[in-house]
Amino acid sequence: MIQKLRPRRMRISENVRAMVRETTLSPKDFVYPIFVVAGENIREEIPSMPNVFHLSVDKAVEVARQVADLGIPSVEVFGLPEYKDEIGSSAWDMNSPVQRAISAIKKAMPELVIVGDVCLCQYTSHGHCGKLCNHYVDNDSTLELLQKVAVSQANAGADIVAPSDMMDGRVAAIREALDENKFINVSIMSYAVKYASGFYGPFRDAADSAPQFGDRKQYQMDPANFHEALKEVDLDIAEGADIIMVKPAMAYLDIVRTVRNKINYPLAVYNVSGEYAMVKAAAANGWIDEQRIVLESLTCMKRAGADIIITYHAIDAAKWLTK
């Protein structure tokens, strides 16, 4: 007699489904991005990113405390500088909003893990991620600047620095600079696989980081490429990266799963601004159930292999998961 197979038995009720659920989402999986600006008592919503704000340092501390209270273990700090120049020197100025926010958050909540974004695009007058030679971003001279940014953030109290520039050799250069300055326990979360994606638009509004000419296709990856991602992962691990990141997340889950199968290092994804804004816009029009779509999307990122999810949904998702 042929036995009838009934997989539906394991879906019959919520408790049964919970017992056999293969992937579980938790606030501990999240990193919440924060955008800091100069001034005091500033909390201004970013138009293209509903419910995400430009925050002065004092308000950033309040948000970081809310994040910690929800059980989210980490924030990543981005910032708008008070001045820009050709080389982005405000990126390593200890009086800049990012460095001051890192220090203030670390003082208020020592156990909260602080990630510093190491890049130059929001600090340069031209909006590119490195030092220019005519209209070309010069790789090797940019490395020296990235070293300064990473060390300044470590000095401010960052636990992790996250180079997002996609310059060749930057992980090795940053590791060398951190070690020389006795920051041997500061980790590097490398944006190892960062595609030249159209999903970054709202972030460029938030960080005032759109390039003044051209685009970033000379240094960020072609969205059509698969094997190149694995090459970048290998290089960054060899150079000393502690955590590997794939960015964006939703449209690149095939890359996330392949990288997860290849490495035994912690794997992060960045659920980027365009992905966030699309969900918020659809929810605002009543086209989707926001809570259901967000939690489903984040679960899919984890199911694909992510250990860490950087997402603007983190606060809402943490509330939904713990209510």
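Which residues point one way from β11, and which the other way? I looked this up and found Leu267, Val269 and Asn271 on one side, with Ala268 and Tyr270 on the other.

**Ground rules.** I am working with a predicted model, where local features need pLDDT of at least 70, side-chain atom pairs count only at pLDDT 80 or more, and totals for chains, interfaces and linings use all residues. Numbering runs from 1 along each chain as its sequence is written, and side-chain values use heavy atoms, leaving out hydrogens and water. My helices (H or I, at least four residues) and strands (E, at least two) are DSSP runs, numbered from the N terminus.

**Neighbours of β11.** I followed the pairing next (DSSP must find at least two bridges between two strands). β10 (residues 243–247) runs parallel to β11 over three bridges, and Met245 has Ala268 as its bridge partner. β12 is also parallel to β11, over four bridges; there Val269 is partnered by Ile309. I also noted that β10, helix α8 (residues 253–262) and β11 form a right-handed β-α-β unit, meaning that with the strands pointing away from the viewer, the path from the first strand over the helix to the second runs clockwise.

**Aromatic rings.** I counted seven aromatic pairs (Phe, Tyr or the six-membered ring of Trp, centres within 6.5 Å; planes under 30 degrees apart are stacked, over 60 edge-to-face, the rest tilted). Tyr191 and Tyr270 make a tilted one, at 6.4 Å centre to centre and 45 degrees between the planes. Tyr191 lies in β9 (residues 187–194) and Tyr270 in β11, so this pair ties together parts 79 residues apart in sequence. Tyr191 is buried at 0% relative accessibility, and Tyr270 is buried at 1%. Tyr270 also pairs with Tyr312, again tilted, at 6.0 Å and 45 degrees. Since Tyr312 sits in the loop between β12 and α11, that pair ties together parts 42 residues apart in sequence. Ring pairs link Phe35, Phe78, Tyr191, Tyr270, Tyr276 and Tyr312 into a cluster.

**Charges over a ring.** Which lysines did I find over Tyr200? Lys194 lies over its face at 5.9 Å from the ring centre, and the charged end of Lys247 sits 4.9 Å from that centre. My test was NZ of Lys or CZ of Arg within 6 Å of the ring centre and within 35 degrees of the ring normal.

Note on methods:
Buried < 20%, exposed > 50% of the residue type's maximum accessible area, 1.4 Å probe, protein only.
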